[in-house]
Amino acid sequence: MYLMIDWHTLFVNDLNVAYALEIALRTILMFAFVLLMLRLSGKKGVRQLTIFEVAIIIALGSAAGDPMFNKDMAILPSLLVFAIILGFYRLLTYIAARSVRFESMLEGDPMYIIEDGMFTLQEESDNTFAKDEFFAEMRAESIEHVGQVRTAVLETNGQVSFFFYPDGEVRPGLPVLPKPYSKRSKIIKTHGDYACAYCGYVESRGNSGQCTRCKHEEWVEAIKTLRIG
Ligand SMILES: [Zn+2]
């Protein structure tokens, strides 16, 4: 089998100066319409998006892209798609503002990740929750170990809200820095406070074995540093 690739058709095809200028005009127009559309949607910024908002952006992007470079695509049908997306978006947010159930169907629910300085267990069985990503999130907030955190909630836009223990109530906890966490082990030789590498439960122990809370067997030496910054 010999595969013939026509490089000219692949890269250039019928591109010429006139067509290139038309592409420039189409792109500028569509870009301006996308900007206008996003302003009309009422969104202030897009640092964090809910699933619902991502769906809107994808739909919008695909409607905007074709008329930028496809000679056979007129701009008006795309604008019609924009108007429909905007109208639909407005309708769904209108309903969501009036129905808690509909809102949670559309955007999901906030999820407790840490309670009382430990990872919650019922959410942990949910495989969609990535712990290493969450550890990175904690480090970004200058959190050194889970014992500093009373409660953490994963919001529907992907952001995590942290609520801290006051200094006097910080307890020994599971370190989230890569170096100490990578030293987790099933073997415990010396007596001390150890945090379950899975759920963050801290026990004073001198031998290996299962976590009394979640039955996992990997341990990390607990630390009790205070939160600074
Ligand atoms: Zn555990």
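Student: What makes strand 7 stand out in the lining of the second largest pocket?

Tutor: In this predicted model, strand 7 (residues 219-221) gives the most to that lining, with three residues. Trp219, Val220 and Glu221 are among the lining residues, and a lining residue is one with an atom within 4 Å of a pocket point.

Student: How many of the lining residues are nonpolar, polar and charged?

Tutor: Eight are nonpolar, one is polar and three are charged. Lys183, Lys189 and Glu221 are in the lining, and Lys and Glu count as charged. The space in this pocket is about 190 Å³.

Student: Which residues of helix 7 are buried?

Tutor: Lys131, Phe134, Phe135 and Met138. Buried means under 20% relative accessible area, so each of them falls below that cut-off.

Student: Why are they said to be on the same side of helix 7?

Tutor: Because they cover an arc of only 105 degrees around the axis. An α-helix has 3.6 residues a turn, so residues three or four places apart point the same way.

Student: What does the face turned away from the buried side carry?

Tutor: The exposed residues Asp132, Glu133 and Ala140. Exposed means over 50% relative accessible area, so these three are above that cut-off.

Terms used: Residues are numbered from 1 along each chain as its sequence is written. This is a predicted model: local features need pLDDT of at least 70, side-chain atom pairs count only at pLDDT 80 or more; totals for chains, interfaces and linings use all residues. Side-chain values use heavy atoms; hydrogens and water are left out. On a 1 Å grid over the protein atoms alone, a cavity is a set of points where a 1.4 Å probe fits but cannot get out, and a pocket is an open set with protein on both sides within 12 Å along at least five of seven lines; lining residues have an atom within 4 Å of a point. Grid points are joined across faces, edges and corners, and a volume is the space filled by probe spheres set on the points. Helices (H or I, at least four residues) and strands (E, at least two) are DSSP runs, numbered from the N terminus. Buried means under 20% relative accessible area, exposed over 50%, partly exposed in between (1.4 Å probe, protein chains only). The arc is that of the directions from the helix axis to the C-beta atoms.
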